[in-house]
Amino acid sequence: MGQPKFADVAVGDQPIRLETDPISRTTLALYGGASGDHNPMHIDIDYAKAAGESDVFAHGMLAMAYLGRAVTSWVPQSALRSFNTRFTAITRVGEKIVVVGKVAEKMEAGSEKLVRLDLAATNEKGESKAAGEAVVALS
Amino acid sequence: MIDKKHIGRTTPPQTVDVEKGRLKFFAKAIGETDPVYTDEAVAAAAGYKSLPAPPTFAFCLEMETNSLWDNIAAMGVPVGKILHGSQSFKYHAPICAGDRVTFQTTISKIYDKKGGALEFIHEDTTAKNQEGVLVAELERVIVVRN
């Protein structure tokens with residue numbers, strides 16, 4: 001796959017789509033260990049219940065990691081200038097994350113040609129889980 | 001309600017090693033299969049000195065400094081009440097395996113909404129590598145559900 005060119009990208013394009021497997025307790029255990037976020041809310045159902053939750057739930061940053069994967073599947077990470085995400089709802093065990101990225105704006109800053117992507121993460125029913133933006137530099 | 005006196009609270013600089021095995025484990029945990037993140041030859045061909053850290057990994061490294069838990073404890077916020085509201089990154093240079101990254105985190109804002117039912121804590125972090133180069137800037141917003 002060649003890298004996308006600035007001239008070939010148009011506002012409204014939807015070059016990014018990624019769908020994960022359902023999030024399992026194993027996913028959360030591995031993510032907790034690998035990420036270094038050992039908050040028991042994500043890995044210990046006893047703790048989660050004692051805190052008033054029905055079950056453990058996913059780390060917000062796991063959803064953001066999926067957004068990041070989706071972006072770097074389109075452009076190399078060296079093109080990434082900024083990346084932000086708002087976590088809009090808790091992701092539960094058993095839900096999938098579906099990421100869609102659209103070209104929201106083309107702009108130039110200094111010597112760089114930049115594209116702003118609108119990113120949305122939903123579950124398999126289309127319910128919002130996270131929303132964000134990434135700015136990437138294209139040649 | 002969180003005392004606003006904590007605005008400006010800054011953690012001492014703390015340095016974290018970027019470990020190759022940890023990066024491979026992280027790639028597995030997030031389902032990342034691009035070999036640039038796990039195969040050193042592919043990473044070298046892409047111009048990296050070693051395996052690169054994926055876009056969100058700077059947050060993970062910063063978590064190693066314990067600044068979040070340290071700030072939460074200092075403000076008297078129970079861990080079970082917090083949610084991650086949002087996260088931002090600005091990227092200035094790659095972070096790769098073998099780097100030593102120094103983080104410093106400052107509480108920049110504390111405010112509430114819905115009559116105090118929700119409180120928001122903004123934390124700004126700088127990440128500099130072993131050469132003193134600013135590699136990334138992070139902003140974390142923590143929501144406290146009262």
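Visitor: Why does B:His84 count as buried?

Guide: In this predicted model, B:His84 has a relative accessibility of 18%, and the word buried is kept for values under 20%, so B:His84 counts as buried. This residue is found in strand E2 of chain B.

Visitor: What does B:His84 touch, leaving out residues up to four places away in sequence?

Guide: From chain A, B:His84 touches A:Met61 and A:Phe87, and from chain B it touches B:Phe59, B:Arg140, B:Val141 and B:Ile142.

Visitor: Why is B:Phe25 called partly exposed rather than buried?

Guide: Its relative accessible area is 30%, and since buried means under 20% and exposed means over 50%, B:Phe25 falls in between and is therefore partly exposed. B:Phe25 lies in helix H1 of chain B, residues 20–29, and, leaving aside its neighbours within four places in sequence, it is in contact with A:Leu30, A:Gly33 and A:Ala34.

Visitor: And B:His6, buried or exposed?

Guide: B:His6 has 12% relative accessibility, which is under 20%, and so B:His6 counts as buried. It is found in the segment before strand E1 of chain B, where it touches B:Ala74, B:Met75, B:Ile107 and B:Ile110, if residues up to four places away in sequence are not counted.

Visitor: How many residues does each chain bring to the contact between chain A and chain B?

Guide: Chain A gives 32 residues and chain B gives 33 residues. Together the two chains bury about 2,600 Å² between them, with 59% of that on carbon and sulfur atoms. On the side of chain A, the residues that lose the most area to chain B are A:Ala34, A:Met61 and A:Gln77, which together make up 22% of what that side buries.

Visitor: What makes A:Glu53 and B:Arg145 a salt bridge?

Guide: Their side chains meet at 3.2 Å, N to O, and because the definition asks for a nitrogen of Lys or Arg within 4 Å of a carboxyl oxygen of Asp or Glu, this pair of a Glu and an Arg qualifies. The count between chain A and chain B is 1 salt bridge, alongside 11 residue pairs in polar contact, both residues at pLDDT 80 or more. Helix H1 (25–35), helix H3 (60–72) and strand E2 (80–87) of chain A each supply at least two residues of the side that touches chain B, and by class that side has 15 nonpolar, 12 polar and 5 charged residues.

Visitor: How do you know that E2(A) pairs with strand E2 of chain B?

Guide: There are 5 bridges between these antiparallel strands, and pairing asks for at least two bridges, so the two strands pair. As one example, the bridge partner of A:Ser82 in E2(B) is B:Lys90.

Visitor: What is the bridge partner of B:Lys90 in E5(B)?

Guide: The partner there is B:Glu137; E2(B) and strand E5 of chain B, residues 134–145, run antiparallel and are joined by 9 bridges. Strand E4 of chain B, residues 118–128, pairs with E5(B) over 11 bridges, again in the antiparallel sense.

Key:
Residues numbered from 1 in each chain as written. Chains lettered and ligands numbered in written order. Predicted model: local features only at pLDDT ≥ 70, side-chain atom pairs only at ≥ 80, totals over all residues. Heavy atoms only, no water. Contact = heavy atoms within 4.5 Å. Buried area = accessible area lost by both parts, 1.4 Å probe. Polar contact = N/O pair within 3.5 Å; in protein donor to acceptor, adjacent residues only side chain to side chain. Helix = DSSP H or I, 4+ residues; strand = E, 2+ residues; numbered from the N terminus. Nonpolar A, V, L, I, M, F, W, Y, C, P; charged D, E, K, R; others polar. Buried < 20%, exposed > 50% of the residue type's maximum accessible area, 1.4 Å probe, protein only.
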